[in-house]
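This briefing is for a reader new to the structure. It covers peptide bonds and backbone angles at a few positions.

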Amino acid sequence: MTVEDRDAVLGEIESDLTRQFGGGAAISPLSTPNRMGRRVDGIDLSDPLSPAQARLLVTLLDRYQILCFPGQDRHGFDVHDLERITNHFGAPIPHPKNYANYGSGEALELLPVERRASTLNNVSFPGVFECLPGADSPAVYIVSNVPGGGPDADPMIVGGQHWHTDIEFEPVPLSTSMFYVHRVPTTRDAPGGAWVTNPPRDTGFYHPDSPTDLAERREMLPLNGETAYADTAAAYAALPADERHQLDATMVRRRLRRSDAGWLVPLVHTNSRSGTKSLHSPVWASRGKRIAPVEVDGLGEDESRRFLDRLEAHCLRPEFRYDHVHTPGDVTIWSNFATLHVAPPVKQSINDPADARVMYRMSCKGNPSYKLPRHDPQTWIDDNIAPPYRAPLTE
Ligand SMILES: [Fe+2]
């Protein structure tokens with residue numbers, strides 16, 4: 001499938017949806033029909049998915065890269081349900097911050113209750129805000145500006161992240177991430193009627209030699225708590241054929257630390273189910289401080305940066321971008337192989353619960369499993385899921 005024929009089988013998809021989920025199910029563009037992202041209404045994700053339903057949702061994600069299922073809070077959906085759905089898309093990844101001693105080399109222990117993210121959220125506005133059931137799973141990362149807040153707190157604005165892909169630097173990269181949206185900020189007291197401003201970056205946040213057009217596109221961040229996405233499948237498809245052929249043969253060396261030998265992987269990802277090609281994390285400078293820059297095989301560090309900066313600037317062009325507005329009750333799922341994303345600037349140390357931005361995030365890797373529980377081989381879990389983790393058994 002190519003990006004251009006995304007909607008060539010729309011009628012087929014619509015009839016599949018109603019066949020699998022009933023006549024109330026409907027699909028519509030999140031922005032415009034020619035862009036990635038679809039809203040899927042009329043599905044109650046608190047009900048376990050049949051294998052055919054799970055297969056259809058995976059097919060839709062392969063085709064549209066971002067899926068949003070609004071209104072799940074009407075169905076008593078909680079974070080246990082999110083973990084069950086994650087298991088269909090891949091093996092859930094535990095988050096290091098949920099462990100007291102991750103990286104110590106000792107037997108892993110979860111954080112004690114008083115230090116857990118849910119506890120730190122729950123003590124800020126007692127009786128007003130509390131995390132949902134399931135938030136304490138080792139595989140859940142609570143994206144939240146509530147810890148450290150309270151009625152007497154002094155708010156501050158923290159800048160957005162780098163444009164990035166979630167954990168592309170492991171031998172088996174993350175395939176899919178998802179949010180369940182609990183709270184979104186509703187105050188709009190920043191200049192221009194927005195929630196926040198975009199504060200200036202610290203020196204060195206991005207490489208100082210980045211081209212002007214790229215530097216500008218990186219900083220055009222949404223200011224009301226949205227997540228911005230860039231479509232790296234459409235960006236690939238829009239390139240001239242000879243350039244696509246060159247990129248098809250381009251290998252990049254991924255590694256966690258500069259001292260690591262790393263390994264070579266294709267820059268262009270081919271989705272094994274749909275055949276769609278996309279640029280997988282075509283960024284150089286969008287690395288965390290301790291993560292080594294990616295090198296293009298055959299090029300030095302500066303040449304690699306220039307090569308990838310040009311691709312990043314292309315991916316961040318307005319026509320490939322979609323800023324997703326979060327609404328409480330949304331389940332939003334995205335492909336890490338075919339998108340880049342960036343977290344926006346946020347208000348921290350909030351003193352008003354109307355400023356709360358809380359989402360439960362889960363990520364996964366490996367092949368989908370239409371039937372649950374998953375049966376990933378233990379050797380694969382040991383090699384690719386750190387720390388080794390399996391979701392509680394779910395049917
Ligand atoms: Fe991310």
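Helices are DSSP runs of H or I with at least four residues, strands are DSSP runs of E with at least two, and both are numbered from the N terminus. The model is predicted, so local features need pLDDT of at least 70 and side-chain atom pairs count only at pLDDT 80 or more, while totals for chains, interfaces and linings use all residues. Residues are numbered from 1 along each chain as its sequence is written, and side-chain values use heavy atoms, with hydrogens and water left out.

**Cis peptide bonds**

- Leu-372 and Pro-373 are joined by a cis peptide bond, with omega about 0°.
- Pro-373 sits in the loop that runs between β18 (358-365) and α9 (378-384).
- Ala-386 and Pro-387 are also linked by a cis peptide bond, and omega there is about -10°.
- Pro-387 belongs to the segment after α9.

- Ser-281 is not a glycine, yet its phi is positive, near 50°.
- This serine, Ser-281, is placed in the loop between β12 (277-279) and β13 (295-296).
- Ser-349 is another residue other than glycine with a positive phi, about 50°.
- Ser-349 lies in the loop between β17 (346-348) and β18.

- Buried means under 20% relative accessible area, exposed means over 50%, and partly exposed is in between, using a 1.4 Å probe and protein chains only.
- Ser-281 has a relative accessible area of 1% and is therefore buried.
- Ser-349 has a relative accessible area of 23%, so Ser-349 is partly exposed.
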